[in-house]
Amino acid sequence: MVLRKRVKLSKLEHHLGLSQDNPAEGRWSSNIMCGTERSNATPEGGTGEVSLLGRSGTCSGSGILPWWPCRQCVSMAAGLLLAGLLALTQAWCVNAIHENLLWFSQLTEVEREISFRTECGLYYSYFKQMLQAPSIQEGLSDLIHDNLTESKRTINLLQRMNIYQEVFLSVLYRLLPIQSYLEPVYFYIYTVFSLQAVYVIALYLTAWLLSGSWLAGVLTGIWYILNRVDTTRVEFTISLRENWSLPFLALQVTAITCYLRPQLTVLQQKVMVWLMYVTTFCFCLTWQFNQFILLVQALIIYTLDCVDFLTTTQVTTLYLVQVSGLLSVWLLQFCNSMILGSLVLSFIVAALFIRHCQSGLKTGNLLVRLGKLLLHSAMVLLLTFTINYLAKKALQLRSDEHIFKFIKSKFALGPTRDFDASLYLCEEAFGLLPLDTLERLAGTLLLYPYILTLPLLSGTLAVAALQNVRPKGSSAEERKGAGEVRVVAFRPDVAYNLLHTLFFGLLAFSTMRMKYIWTGHMCAVAAYGVCGTELWTLLLNALRCNTKVLLRLVRYAVPLVMIGCLYYKFWPKLMEELSELREFYDPDTVELMTWISTKTPKQTVFAGSMQLLAGIKLCTGRVLTNHPHYEDKDLRERTRQVYQVYARRSPEEVYDILRAAGADYVVLENSICYERRHRRGCRLRDLLDLANGHIMDGPGENDPDLVPASHPRFCEAIKTDTAAYTSLFTRTFQNKTFHVYRVKKKRKKSAKSSSEPGATQ
């Protein structure tokens, strides 16, 4: 596909609505670094109700300013209004960029469908399939008993894949009276772009909750929009599962942040628990990799529990929310064994069981307690792997083994020639985070406050953790100096978000594709550092000029200046980007899809690359041998076998493989057969050669155990039309990019049928 520049038809104008009148002035208090114990920490009246989008009425510190109800309502209304404006801005921007990149409104139906590349096309095909079904019931039945996605197999797509969002949207589109003026494809993409608005609102609220000022939310939203290259890729991978799930993950983090705030009422706690469950459920339902993200979250909760930042009730509740969300999805996915065999479920069961058994874990002096924590952690890990091993044995689960192979190979802990692991390792998205990412983040002033905030908060967290672990008042000297010792109290909501950004930051640096989980939350943490009281209190205390008036002044002046600088620097660039017009251009693929639709029967089975076959499924509805949804062992093995068309194999071997898969036609791509995009050793043909024990093409070193192949490369040799190939395969279509061959039913040479479509030259 080529994106060609086109003539600019109209000047695009837009306004981000960044004007601000009355920034929220959350009550001043130092919520992380507190002084000695004070009797006046709680306002008179005692109960200390909490505002969900403001500071707690019982926050530590002194000099809490009174709030007039009218002023508070106006400030909150202004904050929520700006949250909505920034959310709409993000949704409008990604929609405009998507239209400008492809000229989507002017494309034919087949061109629009081709624009859904790789697995995106596969997922969207089920939305299309549901709409084309005679009824909702028949559409669901076809998904549950699907025999089109994998030839010679009947699979339950609702169990295998996370496509409930496509089912829900198709049902909604059928029920709503919008068919006459909104095409299905627009209904689909507008829904995904609307989730980007939800994402921005969630990040906005998280920053507001942490800092007590909606200025932090505004800064978060602006940073997210300006760093769009590193925060989302939704405009060109619309159907990707992460674009559905990450907004719900951001909402879940917001709910957790609110749940961990002090002095919530019982009703507010119940509401937050339900919100955490609903968002966790939606997140798990829409992404197959949910278990690995929840595992990182569970490790964060476990860490906070070990150093006493969370109460027993909070820890148990957070664990049970995760378990409830996963088990709910397990039921909806027809008891998907991959969920029961997930590491996160094993870890949570182990953590809760060991915690219950070790009642004296948090007793003893410092060294004893640290020793107990190490022993406790070792026992939890040992029990986790034991439970997980037994669960996978009992369930005969091997669907996710390719992920662990990838992890082992990535960190040189396993074989490097494994075909499945190498497919991931050779993709840039699964490599280390490029340094130019940090340069882009620094260019929008996001990186600097972030890297200043992290070490200061991390240092304070470490001091608070050590203080929590150390026994209190164990010596006479400590008791004597209790009135003079400065106690460091760390808010649990801040602690959770700090560990969240640290853990997912490490994940992003190790695997570039995971950066989209980190960079959005990074915006909220950096905005909290700029607009919160903690860092400014430290700085002003160091300068010996810490007054309430000066603190409030810098707290609001600095973010306003930053917003002004960002507007001045990036507004023209954003307008220039939105005014650049391109268009979709892929005539070879359009020609191929048209030929398949018009010249082959409906039940024809096609073999080829995973990416291309997903497009064939969407555009033509033909049966596939393999596809990009890789979470099945049998499918991975079949894919490796079908890919032998790009290896050095004899025509008889390839023929037997294709017939075993039920293929009627095989599509060969020049871009794979003569690939130059990847370096030597990472081209698909190289991976196949290594897996087959053959020497790779081209100059360069080879492992000593590799041997020369006894046959030429199939995708090249078949084009010579020698008798060994023409007796088994007949060329039926070709253009500059694709060559399609019919797989003959019998090996013996026979005359061509007069009904056979001729080759397109």
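A disulfide is a pair of cysteine sulfur atoms within 2.5 Å. By that criterion this structure, which is a predicted model, holds two disulfides.

**The disulfide between Cys-673 and Cys-715**

- Cys-673 is joined to Cys-715 by a disulfide with a distance of 2.0 Å from S to S, and this pair links distant parts of the chain, since Cys-673 belongs to helix α30 whereas Cys-715 belongs to helix α32 (residues 714-717), 42 residues apart.
- The torsion about the S-S bond of Cys-673 and Cys-715 is about 80°, and the disulfide is therefore right-handed.
- Cys-673 counts as buried because its relative accessibility is 3%, and Cys-715 likewise counts as buried, with a relative accessibility of 1%.

**The disulfide between Cys-426 and Cys-682**

- The other disulfide joins Cys-426 to Cys-682, with 2.1 Å from S to S, and the torsion about the S-S bond of Cys-426 and Cys-682 is about -75°, so this disulfide is left-handed.
- This pair, too, links distant parts of the chain, for Cys-426 sits in the loop between α18 (419-425) and α19 (435-443), while Cys-682 sits in the loop between α30 (670-673) and α31 (684-692), 256 residues apart.
- Both partners, Cys-426 and Cys-682, are buried.
- When the bonded cysteines of the protein are numbered in sequence order, the pairing reads 1-3, 2-4.

- Cys-73 takes part in no disulfide, and the nearest cysteine sulfur, which belongs to Cys-70, is 6.8 Å away; with a relative accessibility of 54%, Cys-73 counts as exposed.
- The sulfur of Cys-284 lies 9.5 Å from the closest cysteine sulfur, that of Cys-282, which is too far for a bond, and Cys-284 is buried, with a relative accessible area of 0%.

**Helix α12**

- Helix α12 (residues 290-306) has 17 residues and reaches 24 Å from its first C-alpha to its last, close to the 24 Å expected at 1.5 Å a residue.
- Of the 17 residues of α12, 15 are buried, so this helix is largely enclosed by the rest of the structure.
- After α12 comes Asp-308, whose phi is positive, near 65°.

**Lys-515 and its surroundings**

- Lys-515 lies in helix α23 (residues 515-531), and this lysine is buried, with a relative accessible area of 4%.
- Leaving aside neighbours within four places in sequence, Lys-515 is in contact with Val-229, Asp-230, Leu-433, Thr-437, Arg-440 and Ala-508.
- One of these residues, Thr-437, is 78 residues from Lys-515 along the chain, and the C-alpha atoms of Lys-515 and Thr-437 are separated by 9.5 Å.

**Packing of helices α8 and α25**

- Two packed helices are described by the angle between their axes and the distance between the axes.
- Helix α8 (residues 214-226) and helix α25 (residues 548-579) pack at an angle of about 25°, with their axes 10 Å apart, and this angle makes α8 roughly parallel to α25.
- The crossing in which α8 passes α25 is left-handed, and the contact is made from α8 by Leu-215, Val-218, Leu-219, Ile-222, Trp-223 and Leu-226, and from α25 by Tyr-556, Pro-559, Leu-560, Met-562, Ile-563, Leu-566 and Phe-570.

Notes
Residues are numbered from 1 along each chain as its sequence is written. This is a predicted model: local features need pLDDT of at least 70, side-chain atom pairs count only at pLDDT 80 or more; totals for chains, interfaces and linings use all residues. Side-chain values use heavy atoms; hydrogens and water are left out. Helices (H or I, at least four residues) and strands (E, at least two) are DSSP runs, numbered from the N terminus. Buried means under 20% relative accessible area, exposed over 50%, partly exposed in between (1.4 Å probe, protein chains only). The expected span of a helix is 1.5 Å times one less than its number of residues. Contact means heavy atoms within 4.5 Å. Axes are lines fitted to C-alpha atoms, for helices over the stretch in contact, and angles run from 0 to 180 degrees between N-to-C directions. Angles under 35 degrees count as roughly parallel, over 145 as roughly antiparallel, 65 to 115 as roughly perpendicular and the rest as oblique. A crossing is left-handed if the near helix is turned anticlockwise from the far one by less than a right angle, and right-handed if clockwise.
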